[in-house]
Amino acid sequence: MKSGIIRIRLPYMRPIVATDIDEVLVPFLESGFFPWYNARNGTDYQREDVTRSYRLHENLGNTGEYWVGQMRLFFLDGGLRRLGVMDNAQEMVAQLARIADVHAVTARPVEWHEDTMTHMNEHFPQVRDTHSLEAYLAHGKKAQKCLELDARVMIEDSKDYARECVDAGVQVILMDAPWNQGALPSGVYRVYSWREIPALVRRLL
Ligand SMILES: [Mg+2]
């Protein structure tokens with residue numbers, strides 16, 4: 001018998017689809033962080049003010065560390081538990097879960113994981129598992145997790161994470177947002193609503 005490492009994918013194994021959480025399943029800025037921040041700082045930041053990238057310091061000033069610190073305060077104030085859900089996301093994730101195992105892959109800190117799980121279990125029970133990568137402002141961790149999971153498709157809103165995933169050979173569905181406008185690399189497909197996603201995933205699997 002020939003020895004060696006063989007990658008086996010049995011016919012009954014379902015394809016894996018990965019999805020980001022913030023701004024894909026959950027409107028983090030609009031339903032949580034900005035209302036919390038504005039109330040404390042007398043600002044009027046809106047989702048539409050974030051147009052350069054999803055890094056807040058590139059849009060609103062201050063430093064990356066400042067915003068990471070503010071997000072931690074938001075978390076410590078129980079903010080994650082008050083977040084909403086994106087339009088149609090619950091129904092469409094339930095549809096996806098009929099044809100694939102859906103894994104949430106988030107850049108959120110490990111410290112947030114318990115609250116993240118509480119929110120996910122309550123609103124997205126069809127998601128099989130949630131992976132907190134502590135990857136905000138970091139490069140390569142999302143692509144690496146997609147490869148570990150053997151995900152064929154990643155659903156994202158960040159062009160930076162989209163690029164690292166396609167570079168690693170993972171197709172990306174990009175949820176349209178003010179911060180991800182402009183041309184996209186080959187293998188990245190822009191959508192404007194969760195309603196478009198199950199049919200597109202079916203085509204890509
Ligand atoms: Mg996101």
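**Close-up views of a predicted model**

View 1. In passing α7, helix α6 makes a right-handed crossing. On the α6 side the contact is formed by Lys142, Ala143 and Cys146, while α7 contributes Tyr161, Glu164, Cys165 and Asp167. Sorted by class, this contact of α6 with α7 holds four nonpolar and three charged residues, and no polar ones.

**View 2. The buried residues of helix α7 and the elements around them.** Helix α7, which spans residues 159–167, has Lys159, Tyr161, Ala162, Glu164 and Cys165 as its buried residues. These buried residues pack against helix α6 (141–149) and also against the strands β4 (151–156), β5 (171–175) and β6 (188–191). After α7 comes Gly169, a residue whose phi is positive, near 90°.

**View 3. The contact between domain 1 and domain 2.** According to the domain assignment, domain 1 is made up of 16–26 + 85–204, whereas domain 2 covers 29–82. The C-alpha centres of domain 1 and domain 2 lie 21 Å apart, and 11 residues of domain 1 are in contact with 13 residues of domain 2. On the side of domain 1 that touches domain 2, helix α5 (residues 113–123) gives the most, with four residues. By class, that side of domain 1 has five nonpolar, four polar and two charged residues.

Technical notes:
Residues are numbered from 1 along each chain as its sequence is written. This is a predicted model: local features need pLDDT of at least 70, side-chain atom pairs count only at pLDDT 80 or more; totals for chains, interfaces and linings use all residues. A residue is buried if 20 or more other C-beta atoms lie within 10 Å of its own, exposed if 12 or fewer, and partly exposed in between; C-beta atoms are placed from the backbone. Helices (H or I, at least four residues) and strands (E, at least two) are DSSP runs, numbered from the N terminus. Two residues are in contact if their C-beta atoms, placed from the backbone, lie within 7 Å. Domain bounds come from an automatic or database domain assignment. Ala, Val, Leu, Ile, Met, Phe, Trp, Tyr, Cys and Pro count as nonpolar, Asp, Glu, Lys and Arg as charged, and the others, Gly among them, as polar. A crossing is left-handed if the near helix is turned anticlockwise from the far one by less than a right angle, and right-handed if clockwise.
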